[in-house]
2 protein chains.
Amino acid sequence: MADASTEFLKGTLDLMILKTLSWAPAHGYGIARWIERCTDDVLEVEEGSLYPALHKLEDEGLITAEWGITEHNRRAKFYRLTTVGKRRLASSHAYWARFAGAVSKVLETSPASA
Amino acid sequence: MADASTEFLKGTLDLMILKTLSWAPAHGYGIARWIERCTDDVLEVEEGSLYPALHKLEDEGLITAEWGITEHNRRAKFYRLTTVGKRRLASSHAYWARFAGAVSKVLETSPASA
DNA sequence: GGTATATACCTCTGAGTCCTAGGTAACGCA
DNA sequence: TGCGTTACCTAGGACTCAGAGGTATATACC
């Protein structure tokens, strides 16, 4: 339970990683910073969640990794979306829309419509 | 991971239970059926998730329980939102809006705005 | 040359959530 | 009597996330 800031994350981290990689290959650190910046720090991506998620997505064949050098001249593992990953992104994105819409319905439906 | 149908639920079950009870007291079975009907079965509420969640919310003092008789003339435990529960509902609802908005931003922002 | 900061990677472990699978019981109807 | 529905419950395992810790290198500053 704890505080609200981590309450709802389940599953969406994978989805956001996939989405971020759909634009261009990126390394873990960069993915985290991008998501945080993009959401004005509403979403904070912890490394203890990020790296296991990345490894899991790689094991599932949704992304592939390759060592490279960053613009800061540092060694980093660049992840790239696979074809399977693109398909998963599309289906997960669609399901997220359905899911979020359903939750909104519950949160906004008035008792009268029961 | 598994299938998409249970992918995103974390935390939102509590929120939806709280919201359902904000209209009127209800029993577990009724809450589950209402959420499913309200979302056209997009969200399926499993009993193995529902009852533990209800007990947890009760332990936290967000809802209180009382035995009664349903319209079907059966014994059932009716749950009612407490004052603390109402406050929690308000803050969780607000955070859900922030969270869902942030996820949408990631899913819809184009690479150009990076 | 030494140190701090930022960049970049990783894993272990605990806490928490959800589901599967099982069980109990009573009502109404055929 | 048996069946379907309503209504409750828990034990166990799978999984996810976060906190805390660790490694290493480039650059900037002193």
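This is a predicted model: local features need pLDDT of at least 70, side-chain atom pairs count only at pLDDT 80 or more; totals for chains, interfaces and linings use all residues.
1. Start with helix H4 (residues 83–108) of chain B: Tyr95(B) and Phe99(B) are four residues apart in it, so about one helical turn separates them. Helices here are DSSP runs of H or I with at least four residues, strands are E runs of at least two, and both are numbered from the N terminus.

2. Residues are numbered from 1 along each chain as its sequence is written, chains are lettered from A and ligands numbered from 1 in the order written, and side-chain values use heavy atoms, leaving out hydrogens and water.

3. Now the rings. Over all chains there are 15 aromatic pairs; Phe, Tyr and Trp (its six-membered ring) pair with centres within 6.5 Å, and planes under 30 degrees apart count as stacked, over 60 as edge-to-face, the rest as tilted. Phe99(A) and Phe8(B) have ring centres 5.7 Å apart and planes at 50°, so they are tilted. That pair crosses between chains, from helix H4 (residues 83–108) of chain A to the segment before helix H1 (12–21) of chain B. Phe99(A) and Phe8(B) are both buried. Tyr95(B) and Phe99(B), with centres 6.5 Å apart and planes at 35°, are a tilted pair too.

4. Ring pairs also build a cluster from Phe8(A), Tyr95(A), Trp96(A), Phe99(A), Phe8(B), Tyr95(B), Trp96(B) and Phe99(B).

5. What about DNA strand D? It is surrounded by 26 residues, each with a heavy atom within 4 Å of it. Ser49(A), Tyr29(B), Glu47(B), Thr70(B) and Lys77(B) are the closest. Of the atoms of DNA strand D that come within 4 Å of the protein, 68% belong to sugar and phosphate.

6. Phosphate oxygens of DNA strand D lie 2.6 Å from a polar side-chain atom of Lys77(B), 3.2 Å from one of Lys56(A) and 3.4 Å from a side-chain N or O atom of His55(B). As for elements, H3(B) gives the most to the surface near DNA strand D, with five residues.

Notes:
Buried means under 20% relative accessible area, exposed over 50%, partly exposed in between (1.4 Å probe, protein chains only). A polar contact is a pair of N or O atoms within 3.5 Å; within protein, one must be able to donate a hydrogen and the other to accept it, and residues adjacent in sequence count only if both atoms are side-chain atoms.
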